[in-house]
Amino acid sequence: MLPRKRAGEGVVVVEESDTNNSRGASTVKKHRIGDATAGTAESTVKNSSDDNSNCNSNSVGNNNIHSGGNSVAKEEQEPALTMSLGDSNPADIDEDLHSRQLAVYGRDTMRRLFASNVLVSGLQGLGAEIAKNLILAGVKSVTLHDEGNVELWDLSSNFIFSESDVGKNRALASVQKLQELNNAVVVQTLTTKLTKEQLSDFQAVVFTNIGLEIAIEFNDYCHNHQPPIAFIKSEVRGLFGSVFCDFGPEFTVFDVDGEEPHTGIIASISNDNPALVSCVDDERLEFQDGDYVVFSEVRGMTELNDGKPRKIKTSRAYSFTLEEDTTNFGAYERGGIVTQVKQPKVLKFKPLREALNDPGDFLLSDFSKFDRPPLLHLAFQALDKFISDLGRFPVAGSEEDAQKLVSIAGHINENLGDGKLEDINPKLLRHFAFGAKAVLNPMAAMFGGLVGQEVVKACSGKFHPLFQFFYFDSVESLPTEPLDSSEFKPLNSRYDAQISVFGSKLQKKLEDAKVFIVGSGALGCEFLKNVALMGVSCGNQGKLTITDDDVIEKSNLSRQFLFRDWNIGQAKSTVAASAAASINPRLNIEALQNRVGPETENVFDDAFWENLSVVINALDNVNARLYVDQRCLYFQKPLLESGTLGAKCNTQMVITHLTENYGASRDPPEKQAPMCTVHSFPHNIDHCLTWARSEFEGLLEKTPAEVNAFLSNPSEYTTSMRNAGDAQARDTLDRVLECLDREKCETFQDCITWARLKFEDYFSNRVKQLIYTFPEDAATSTGVPFWSAPKRFPQPLQFSAADLGHLHFVMAASILRAETFGIPIPDWVRNPKKLAEAVDRVIVPEFQPKEGVKIETDEKATNVNSAASVDDALIINDLIMRLEHCRSSLPPGYKMKPIQFEKDDDTNYHMDLIAGLANMRARNYSIPEVDKLKAKFIAGRIIPAIATSTAMATGLVCLELYKVLDGGHKLEDYRNTFANLALPLFSIAEPVPPKVIKHRDMKWTVWDRWIVEDNPTLRELLEWLKNKGLNAYSISCGSCLLYNSMFPRHKDRMDKKLVDLARDVAKVELPAYRRHLDVVVACEDDDDNDIDIPLVSIYFR
C-alpha cells in the first residue's frame, strides 16, 4: 500500500465544495443576431465595437469573473487550478471549437480576428463563400451587403439559396443560414446603397460585384482613412477570376509565413570575422541567407547570449557564417541554441487608381501561362467597360458580344504605351466573354478560400498579403469538342449559369455521373456542397455515394460547415448527405458509415467499383488514400486526390492511363527520435511530449487493461506470461502487481500520495540516478565529453507546493488515478491550499543513487526499460504467486477503468497531465516549456486546419471534375496544384505520366490489367501468354505458389482450372459477389529477360 503520514499529523476535509470553480464560467458568449435582421426590409450597419464592448472586454484578456457580491470565506477564494503554469487562457477562445485553427493562427491572431468587423458586398456565389469562411474563422462581425434579389441563375454557385428564395433580397435570404455557422459571430445585413462613410465601421471590406469607377472611389476612401481600411476587390467570371488587395499606405506583416522559428543546436563557434557557427548534424538547418537569429545557453563565448538579433551572412546545411566579429570574444566551450527571429515586414500598397496603370508584378499561378496575367488584367477592364457602356453582360454564345469585348480590349491596349501587349489573344477573350455573367461554384470556392485568407491577413497581420493583383483561369476545363451557340441557351433551370459556360451536353454528363466520395470531414463537406451545386449525380441515372465511419465532434464545427452543434455525436456521412440534399433536393445520394478497406470489400464490391464514373478522396490519412488508389488502379477509375495542412493545400489528379497513380511517389517517412533520447536525453519539447504521452498511456490505459486481463482470466493470463518468459513479460507483471498491491489506491488521499511520489520518481530520483551514472564531467570511451550537444545536462526538481506547475501535476495525476480505481473525486482537489495540505501529508522516502545501473545510450536500441535476465523465469513465477495472493483478497468482480487518451475534451484532465509531465521534464533539462494548447497540438498529433485552404483545394479539384466527366481531355489539360495561402504561393503543373513498359508491339502501364475470361485451365493461361511472346515460369495467388516450372509435380496441374487450384492449393475463399481472382505471373521473353507484366485477372463466372 502507499505510504501515509501517521495519524494525528493532519486530517483531510472532503465535504467542502469548490465555490469558485472558474471552469464553470470560462465561456463568455457573444450576442447572436440573425433572425432579428432577417425579418426586416433593411438593417443599418451598427458599430459592433460599441454594441459588444462589454462582452469583448470580458472575452479578450480579462480573467476576472466576479461572483456578484457573494460573501466567500477568504480561505475559499483561492483560484481554482485550471492550467499548467504560464497558461492563463482568457475566456475568449473556445479551444474545443477552434483547436485546429489555433494550431495555424495562434492565440494573438485569433484575438485580433475576434475584434474585426468585415463587410462582404455582393452575395452571389463568391460573396457567400467568403462570408462562410470568415464566419467559420470567427471574426467579430460580418455585414452582408447586396441590393439585388435572388435569381434562379444564382443557384449554380450559392449554397445558401433555395428555389423558394428567388425574388428575395440576397443579403436577407443569406443571414439566417450563415448565422448558424457560428453563433459567436454577429451577422448583419445591409440592403441599401453603400456610402463611403459607412465603410469606416469596418477593418476590412470585400467587394465581389462592383464596377471599377465606384471601386476606385471606395478604395481611395479606404486607403486614405485613418487607420486605413483593408480593401479587397474580387470577381469570378466564368472560368476566370481576379483579386486586388490594398491594405493601406503602410501595412505591417508580423509573421510572413506562419512557420515555427527554426532552431539549431550549436556544436562550435569560431573566433573569426565573420564567425562560423557549426551545428550538430542530426538535422539540417532551415536558415536562409539574411535571416536574423539569437543565441542562448552558449558556454565560453557568453557575449552571444545578450539576446541581440544577429544576421546570417551565408547559410549551409549544418553551418552558417554570422555578420559578427567574434575575434575578441571568449573562446567557445560547449552548448548553445540558435533560434530564428522573425522580422516584421512593412508593405506599401498602391491604391487601385494607380495600380490599374502600374500593376507591378502579378502573382503567378501556372508557369505554362506566364504571359496570361497581363492579358487578364486587360480583359477584366474591358469587361467593366462593356458593362458600363451596354448596361449588361455579354450574352453566352454571342459572337457579336464577344467581338465587341475584343474590340474594347484592343482599344484599351492601344493606349497602354510601353505596357502594350503584342497579342491580346482574341480566342481566349471569346471564352471570357461567353462565360462573363456566370459565377461557377468551383471558381467561387477557390476564390472564396483565397479572399477569405486575405481578409484574415488584413485583420491580423498574420501571413504575407497578396501584393496586389492575382489572375487565374481554367479554360482547360471547357469541353474538348467545339460547342454550337444553341448549347449555351438557358433552360430555366438552376444550372443555367453553368450551362452558359459548358453547354447543356456536359451538364447532362454531370447529372448522370456515378460518384464515390470517400470521407465526410472538412474536405468531404466542401465537396458535397460543390457537387450539389454543379448538379453532379442529380439526374435520373446519377448516384453519389459517400462514406465515413466517424461521428461529429465539436472541434469539427470550425471547418466542416455542413454540421451544427446539435449534430454532435451523429454520423458524419448521414448529416452531411442530408445537408447536401437540402442544398439541391435533386441530388441522388446514399450515405454509408463504412470504412473503405479490405474488410469492407463485401460492401464496396466489384460491381460497385465497376459502376463508378469517378472517385473523390476526402481522407485524412495516407494508408486509406493508398488503398483507394489501388482500387482505382485495379478498376481503372479516375481518382481526384487532395489534402490540406494549415494554410497549405495540394491536389493530384489520378487519371486512367494518363497519369501516374497516387502511390507512385511517396514522401519520406518522418524522422523518429531514438528511444534513449526520448527517455533519458531529450533536447526539445517534442521529446518531452512524446515521453509524456507514452507514460500517460502506460500508467492509465495499458497497465489497468493488463490488470483487467489478468483478473478476467487469471490462468490463461499467467500461462501466457510464463510461456513468454522474457523481460517484457516480467515488467508487465511487475506493473500489474504495483496496481494491485504496492500502489493500490483505496481513497483519494492514496491517489494524491501516488501522484506526489510519481513526481519524485520522474523529476527527481531518475535524474539523480542519471547524473550519478553520468556526471557532468563524464567522457565517452573516445574521450569526448559525454554531455556534448545535443545532450543537455539535467537538474533534479525539488517539489514545492508553492509552485502551481508542481501542484497542477499532482492534481491532474491524482484525479486520473482515482478515475482508474473508481474513487470519487472531491471538489476540494481544485483548491490549491487544500490540495497543498493533502500533499504535505505524503511521506517521501529519501533516494540514494545506485551503483551499476544501466541506462541505455545506444540510439539504435528499441527498448530502454529493461534488459533480459537469466532469472526472468524465476522472477515471473514469484510475481505470479504474489498476484494470485492479491487476487484472493479482492472483492468479486473487481475491475479497473483504463483511460483512453482524448485530446479534445478540456475537462477530462488528460492534456493537463500530459502538459504537466512534459513541462516538468522540460524543466529538468532547461528546455522551454509550452502551454496546454501547444502541448495538445504536439502530443495529440493535431493536424492544423482552416476552412480557407480546404475550400480552395476542393474548388481546384472540381475544376478538374469537369474535365474527367466530360472525357476526351489530354494529359496537358489536367492540373496538379500545390498552394500555400500564407505566402501566398501557387504551383500549378501538368500531372506526371505513368511509366510505360514495352514488349514487342505491346506496351502497358500500371493502369493495365490483363483479363482472361471463360474460366481457363493452367495450360490455357500458359498458352495465352505464349502467344504474346511471354514464357511464364511462376504463377502465384496471394502468398501461395500455383505453378513453378522448376517443380515437376506442378505439371500434373496443367489441366486443372485456375480457380480450382486457387481454392485447393491457396485455400482462397471466393464469395458469391466475386467474379474473378487475380494471379501474379513471372515471365521471360524468348531471350530469357524478365518482363514485368500487369496483374492477370481470371474470370470464372
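**Close-up views of salt bridges and a surface patch**

R310 counts as buried, at 3% relative accessibility. This value, like the others in these legends, comes from a predicted model.

**View 1. The salt bridge between R310 and E324**. The side chains of R310 and E324 meet with a distance of 3.0 Å from N to O. R310 belongs to strand 11 (residues 310-315), and E324 sits in the loop between strand 12 (319-322) and strand 13 (337-341). The two residues are 14 residues apart, and the pair links distant parts of the chain. E324 has a relative accessibility of 14% and counts as buried, because buried means under 20% relative accessible area. R310, at 3%, also counts as buried.

**View 2. The salt bridge between E399 and R430**. Here the side chains meet at 2.8 Å, N to O. E399 is partly exposed, with a relative accessible area of 44%. R430 counts as partly exposed at 28% relative accessibility.

**View 3. A network of salt bridges**. The residues shown are D366, K369, R372, D473, E476 and R975. Salt bridges that share partners join these residues into one network. Side chains of opposite charge can pair when their charged atoms come close.

**View 4. The salt bridge between E260 and K934**. The closest N and O atoms of this pair are 3.7 Å apart. E260 lies in the loop between strand 7 (251-253) and strand 8 (263-269), while K934 lies in helix 28 (residues 932-939), so the pair ties together parts that are 674 residues apart in sequence. E260 is exposed, with a relative accessible area of 53%. K934 is partly exposed, and its relative accessible area is 28%. A search of the whole structure finds 68 salt bridges.

**View 5. A nonpolar surface patch made by F978, L983 and L985**. The patch has an area of about 220 Å². One of its residues, L985, lies in strand 23, which covers residues 985-989. L985 is partly exposed, with a relative accessible area of 36%.

Conventions
Residues numbered from 1 in each chain as written. Predicted model: local features only at pLDDT ≥ 70, side-chain atom pairs only at ≥ 80, totals over all residues. Heavy atoms only, no water. Patch = residues over 30% accessible without salt bridge, like charges linked within 9 Å, V, L, I, M, F, W, Y side chains within 5 Å. Areas by Shrake-Rupley, 256 points an atom, 1.4 Å probe, with all protein chains shown as cover. Salt bridge = Lys/Arg side-chain N within 4 Å of Asp/Glu carboxyl O. Helix = DSSP H or I, 4+ residues; strand = E, 2+ residues; numbered from the N terminus. Buried < 20%, exposed > 50% of the residue type's maximum accessible area, 1.4 Å probe, protein only.
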